[in-house]
Amino acid sequence: MSPDEVRARYARIQEEIGPQVTIVAATKYVSVEDMAVLSEAGIEVVGENRAQELEAKHAAYGDAFHWHFIGHLQSRKAKAVNQICELVHSLDSESAAKRLEVPALVQVNLAGEASKSGIAPERLGEFLELYPQVRGLSTMPPETDDPEKSRPLFRKLRELAEEHGLTELSMGTSQDYKIAVEEGATMVRIGRRLYGD
């Protein structure tokens, strides 16, 4: 993974999605050392899945990026996230909401997958009353070879956000980000497409 390759891929994705959509570089599989490559490539926003990794990467590259948390948020990890992150994409529990101090997106499990985090769409209204700093919604559709299969879920998330007066939508990954943007994503989480396989 070289800075030039990452920079070229980043520029290509930016061109595809336009300036109004934020690319959040998913760093789950990026080592602490390789974060230097992202910095050199001009990546601005990174999203980490695990609080421990977040702390290690932030300790080494604190001011190089805007930090987002995109993994499942356990309430006991909220303190670390509060100190480092500008935004959490994955709020879905009352206990985490009580400890979180930074703006968040509520993760909605639209496909009803037992293996995925997120609250059920019908619970969204009551959940939003718990945490006033919610800026929007996020979702992770099932993995698929056909990005079009994600479209109905992205559309549903946008409709839910509009219903509740929320403006930010974090949806779409390397597999389906173009469809997500067509359906109103304001943030896409990109890993593989940026770094190569």
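Biologist: Which side chain makes a polar contact with the side chain of Lys-57?

Modeller: This is a predicted model, and every value here is computed from it. In it, the side chain of Glu-48 makes a polar contact with that of Lys-57, at 2.7 Å.

Biologist: Where is Lys-57 placed, and is Lys-57 buried or exposed?

Modeller: Helix α3, residues 51-61, holds Lys-57. Burial is judged by relative accessible area, with under 20% counting as buried. Lys-57 counts as buried because its relative accessibility is 0%.

Biologist: Which residues is Lys-57 in contact with, leaving aside neighbours within four places in sequence?

Modeller: Among them are Thr-27, Lys-28, Val-30, Ser-31, Val-32 and Met-35. Glu-48, the polar partner, is also in contact with Lys-57, as are Gly-62 and Trp-67.

Biologist: Why do Phe-65 and Trp-67 count as buried?

Modeller: Phe-65 counts as buried because its relative accessibility is 7%. Trp-67 counts as buried because its relative accessibility is 3%.

Biologist: Now the pockets. How much space lies in the largest pocket?

Modeller: Rolling a probe the size of a water molecule over the atoms shows where empty space is left. Here the largest pocket has about 890 Å³ of space. Its lining has 28 residues, and the closest to the pocket centre are Lys-28, Tyr-29, Asn-49, Met-140 and Thr-173. The elements giving two or more residues to this lining are β8 (187-190) and α9 (192-195).

Biologist: How many residues of that lining are nonpolar, polar and charged?

Modeller: The lining of the largest pocket has 13 polar residues, 8 nonpolar and 7 charged. Lys-28, one of the residues closest to the pocket centre, is also in contact with Lys-57.

Biologist: Where does Glu-113 lie, and which residues is Glu-113 in contact with, leaving aside neighbours within four places in sequence?

Modeller: Glu-113 sits in the loop between β5 (104-107) and α6 (124-130). Its contacts beyond those neighbours are Met-140, Pro-141 and Pro-142. Met-140 is also among the residues closest to the centre of the largest pocket. Glu-113 counts as partly exposed because its relative accessible area is 21%. Between Glu-113 and His-89 there are 18 Å in space, C-alpha to C-alpha, and the two are 24 residues apart in sequence.

How values were computed. Residues are numbered from 1 along each chain as its sequence is written. This is a predicted model: local features need pLDDT of at least 70, side-chain atom pairs count only at pLDDT 80 or more; totals for chains, interfaces and linings use all residues. Side-chain values use heavy atoms; hydrogens and water are left out. Buried means under 20% relative accessible area, exposed over 50%, partly exposed in between (1.4 Å probe, protein chains only). A polar contact is a pair of N or O atoms within 3.5 Å; within protein, one must be able to donate a hydrogen and the other to accept it, and residues adjacent in sequence count only if both atoms are side-chain atoms. Contact means heavy atoms within 4.5 Å. On a 1 Å grid over the protein atoms alone, a cavity is a set of points where a 1.4 Å probe fits but cannot get out, and a pocket is an open set with protein on both sides within 12 Å along at least five of seven lines; lining residues have an atom within 4 Å of a point. Grid points are joined across faces, edges and corners, and a volume is the space filled by probe spheres set on the points. Ala, Val, Leu, Ile, Met, Phe, Trp, Tyr, Cys and Pro count as nonpolar, Asp, Glu, Lys and Arg as charged, and the others, Gly among them, as polar.
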